[in-house]
Amino acid sequence: MSSPSPRVPPEERLVNLVVALMATEQGLTKDTILGSVSGYREQTDSGARKDALEKMFERDKENLRGLGVPIETIGDYADPDDLREARYRIPPTEYALPDDIEFTPAELAVLTLAGGVWEEGSLSAGARSGLRKIRSLGIDVDEPIIGYAPRITLREPSFLPLQRAIEQAREVTFDYLRPGSDQPRRRQVRPYALLDFEGRWHLFAFDTNVGAERTFLLSRICSDVATTRRSFEPTARAGAGERALAGLRDLAARQRAVVEVAAGTEAAVRLGRRAVGGADLPSGLSIPFVDLQVLADELASYGPEVRVVAPADLRDAVIERLRGALRQSEVRA
């Protein structure tokens, strides 16, 4: 009996597909996409019918084209009309803004903020296409705006109450699970800024329990966020985002993971964009990181696409997760 396939949200599957098709010059066949791109791969591995997955891919392809993503179909060179072994790609030259258009970090932050605040149906097709093209430039849009965030995602339930508390300059309480701890601790903080770093949301705040500024990972908040009646001086938020970002960058610069990745895989694409060097290995990457446990979760999700070389505690954490996944699959089988 096959174990149920992990649920990958449709929007995440579409993003993974766009990343994969932009990363290839020669194009990817349908079989390659169904077997390697997250969102399709899990269902393929769990025994989903190929015709159902092919229909899913065709729907995704047409949805992306309807949103302005230029997916190119490449047929056989000898017979271009023969699409049995067709390959698909997104030509970078057709999915980019003109070279003479430039945006300041603040302008990019406002554009991406607007793209997250408005429901997709409220934006015109031209506006949605423009936002996608801005992101495709590869420009860093992680410059924080105090009290707001450059990209809004509602996957973290704590985001909206924290945002409101920042705007109102009110203290909040929540339960927080520190890395390596088994039990969460109650925190009362003055929230100063929300910012996205390494694709994860962080809260920068003054922790009244310790009397110092601290950075909290939203995914480690394990209770509802309660807004108290205690207020704080709004001017305390001044420069908070810059201080938080500087602290996270400094921590990431001091912590490096060395990994080997299989060429042409999703892991190679995603990790390669964050790598700061080749780690003196043929297929090695040096990845700065902030939270070892969070990175271990991510690396384990790539399965055999990644081998952790160092540090040893990260390697052990990944192995522990993979063994846990194996035990769960054996129980379900």
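Asp60 and Arg13 form a salt bridge in which the closest N and O atoms lie 2.7 Å apart. The pair connects distant parts of the chain, with Asp60 in helix H4 (residues 50–66) and Arg13 in helix H1 (residues 10–22), at a separation of 47 residues. Asp60 has a relative accessible area of 4%, and the value for Arg13 is 10%. Because buried means under 20% relative accessible area, both Asp60 and Arg13 fall in that class. The structure is a predicted model, and 22 salt bridges are found in it.

A second pair is formed by Arg41 and Glu266, whose closest N and O atoms are 3.4 Å apart. Here too distant parts of the chain are linked: Arg41 belongs to helix H3 (residues 41–45) and Glu266 to helix H9 (residues 266–272), 225 residues apart. Arg41 is buried at a relative accessible area of 12%, and Glu266 is buried at 15%.

Glu171 is buried, with a relative accessibility of 1%. Salt bridges with shared partners also occur, and they join Lys30, Glu58, Lys61, Glu62 and Arg65 into one network. In general, side chains of opposite charge can pair when their charged atoms come close.

Attention then turned to an open sheet. It consists of 3 strands in the order E10-E9-E11, with antiparallel pairing. Strand E10 (284–288) and strand E11 (306–310) are at the edges and have a single partner strand each, so one side of each lacks a neighbour in the sheet. On average, neighbouring strands of this sheet are turned by 35° against each other, direction ignored. Strand E9 (residues 256–261) pairs with E10 in the antiparallel sense over 5 bridges, and Arg256 stands opposite Pro288 in E10.

Strand E10 is mostly covered, with 5 of its 5 residues buried. Gly284, Ser286 and Pro288 point one way from E10, whereas Leu285 and Ile287 point the other way; all are buried. The edge strand E10, with its single partner strand, thus has buried residues pointing both ways, because each of them falls under 20% relative accessible area.

At least two lining residues come from each of strand E5 (185–197), strand E6 (200–207), strand E7 (212–217) and helix H8 (240–254). Helix H8 supplies the largest share of this lining, 6 residues. Sorted by class, the lining of the second largest pocket comprises 11 nonpolar, 4 polar and 9 charged residues.

A search of the whole structure for cavities of 30 Å³ or more returns 1. The largest cavity contains about 70 Å³ of space. Its lining is made up of Phe197, Glu198, Arg200, His202, Leu217, Arg274, Phe289, Val290, Asp291, Val294 and Leu295. Strand E6 and helix H10 (292–301) are the elements that give two or more residues to this lining. By class, the lining of the largest cavity has 6 nonpolar, 1 polar and 4 charged residues.

Terms used: Residues are numbered from 1 along each chain as its sequence is written. This is a predicted model: local features need pLDDT of at least 70, side-chain atom pairs count only at pLDDT 80 or more; totals for chains, interfaces and linings use all residues. Side-chain values use heavy atoms; hydrogens and water are left out. A salt bridge is a side-chain nitrogen of Lys or Arg within 4 Å of a carboxyl oxygen of Asp or Glu. Helices (H or I, at least four residues) and strands (E, at least two) are DSSP runs, numbered from the N terminus. Buried means under 20% relative accessible area, exposed over 50%, partly exposed in between (1.4 Å probe, protein chains only). Two strands pair if DSSP finds at least two bridges between them. Axes are lines fitted to C-alpha atoms, for helices over the stretch in contact, and angles run from 0 to 180 degrees between N-to-C directions. Ala, Val, Leu, Ile, Met, Phe, Trp, Tyr, Cys and Pro count as nonpolar, Asp, Glu, Lys and Arg as charged, and the others, Gly among them, as polar. On a 1 Å grid over the protein atoms alone, a cavity is a set of points where a 1.4 Å probe fits but cannot get out, and a pocket is an open set with protein on both sides within 12 Å along at least five of seven lines; lining residues have an atom within 4 Å of a point. Grid points are joined across faces, edges and corners, and a volume is the space filled by probe spheres set on the points.
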